[in-house]
Amino acid sequence: MKILSRPNYLPIEINLSKDIVTLAKLEQKDFEKSIFILKKGEGKGFLQYQDIFSTDLSIFLNENKAQTKDPFFIFHHGFCCSTLLSRMLEARFQTLSLREPPCINWATHFKKDALNWTAYNESIFQQLINIHGRTFRSNQRAIIKCSDYVSYELNSFIRSTTKAIFLYSDLSEFIGSCFKDMRHKWIAERADYSKLLNFLGYKNKLDLDDTATQVTIYWCFQIAKFLECTYTENVRSINTTRIFFDRNLIKSVGDFFDLKEKYFFNKNRNLRS
């Protein structure tokens, strides 16, 4: 087995023009410790790793060209408990949880802003998805909890063999969440709202500096991107409230993803029966 094809080696930065990829070496426990793997830093909110180094992107892609196992996805609009859902699935099922992998963001930016999308570009994009499907064990499934930014290209990540959840909260709850702490700055910088309005086809004049208006536009945009999905039979939408009031939700999501329960869950069920 080629060493760079192991799931231990997570791509965290790509420089396409220089043919360089930066890799973080992680053990499975590092994935579990990392609440997010988007950025390096101190504490559980950042990527936990053993080492970081760079190598040729072409070599890394070549060593991983046989990788064809689909990752599954949790998409969302932000501040709707997607991280909690990811960790609950991780606790019960055989999953490798990738919470906001940086090169999935890179791939989104790569496709979203490309002036001339070529077959070569598409091959890199698709291979990066495959690389994020690698797992430590055959009975595991990689579950990518995306950044909300990834919804710009949501449909591009879903194949006929992919399964995905779109988690959302009611608009009133999302507005309330975005008024907490300093989140009004987050939503203000999240998008070019005039472009989102054009995408949504809304023609009336709005105050695009108003926080509640920004939140509403962003929420509508996220829902619209989800509704663009080509393979509708492979995606499910879930309202956040079900996490707290539906005791069977995690089991039903696990069944939808066809995940294998961890040993102690099976053992406890057998003991109760």
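The questions and answers below go through strands, a pocket, salt bridges and a surface patch of this predicted model.

Residues are numbered from 1 along each chain as its sequence is written. Because the model is predicted, local features need pLDDT of at least 70 and side-chain atom pairs count only at pLDDT 80 or more, while totals for chains, interfaces and linings use all residues, and side-chain values use heavy atoms, with hydrogens and water left out.

Me: How many residues of strand β7 are buried?
Reply: Helices (H or I, at least four residues) and strands (E, at least two) are DSSP runs numbered from the N terminus, and β7 covers residues 164–168. Buried means under 20% relative accessible area, exposed over 50%, and partly exposed in between, with a 1.4 Å probe and protein chains only. By that cut-off strand β7 is mostly covered, and the number of its 5 residues that are buried is 4.

Me: Which residue of β8 stands opposite F166?
Reply: Two strands pair if DSSP finds at least two bridges between them. Strand β4 (residues 72–76) runs parallel to β7 and is joined to it by 4 bridges, with H76 opposite L167. Strand β8 (residues 235–239) also runs parallel to β7, through 5 bridges, and there the residue opposite F166 is S237.

Me: Which residues are the closest to the centre of the largest pocket?
Reply: On a 1 Å grid over the protein atoms alone, a pocket is an open set of points where a 1.4 Å probe fits, with protein on both sides within 12 Å along at least five of seven lines, and lining residues have an atom within 4 Å of a point. Helices α3 (82–92) and α8 (183–188) each supply at least two residues of the lining. The largest pocket holds about 500 Å³ of space, and of its 22 lining residues the closest to the centre are F36, E100, K145, D148 and W186.

Me: What is the distance between the closest N and O atoms of K145 and E100?
Reply: A salt bridge is a side-chain nitrogen of Lys or Arg within 4 Å of a carboxyl oxygen of Asp or Glu, and the count comes to 10. K145 and E100 form one of them, linking strand β6 (residues 141–145) to the loop between β5 (95–99) and α4 (102–112), 45 residues apart. Both K145 and E100 are buried, and their closest N and O atoms are separated by 2.7 Å.

Me: Which residues form the nonpolar patch on the surface?
Reply: Such a patch joins nonpolar side chains (Val, Leu, Ile, Met, Phe, Trp, Tyr) within 5 Å, from residues with over 30% relative accessible area and no salt bridge. One member, L206, lies in the loop between α9 (193–200) and α10 (211–227), and L206 is partly exposed because its relative accessible area is 32%. Together the patch residues have about 320 Å² of accessible area, by the Shrake-Rupley method with a 1.4 Å probe and only the protein chains shown as cover. The residues are F199, L200, Y202 and L206.

Definitions and conventions. Patch = residues over 30% accessible without salt bridge, like charges linked within 9 Å, V, L, I, M, F, W, Y side chains within 5 Å. Points joined across faces, edges and corners; volume = space filled by probe spheres on them.
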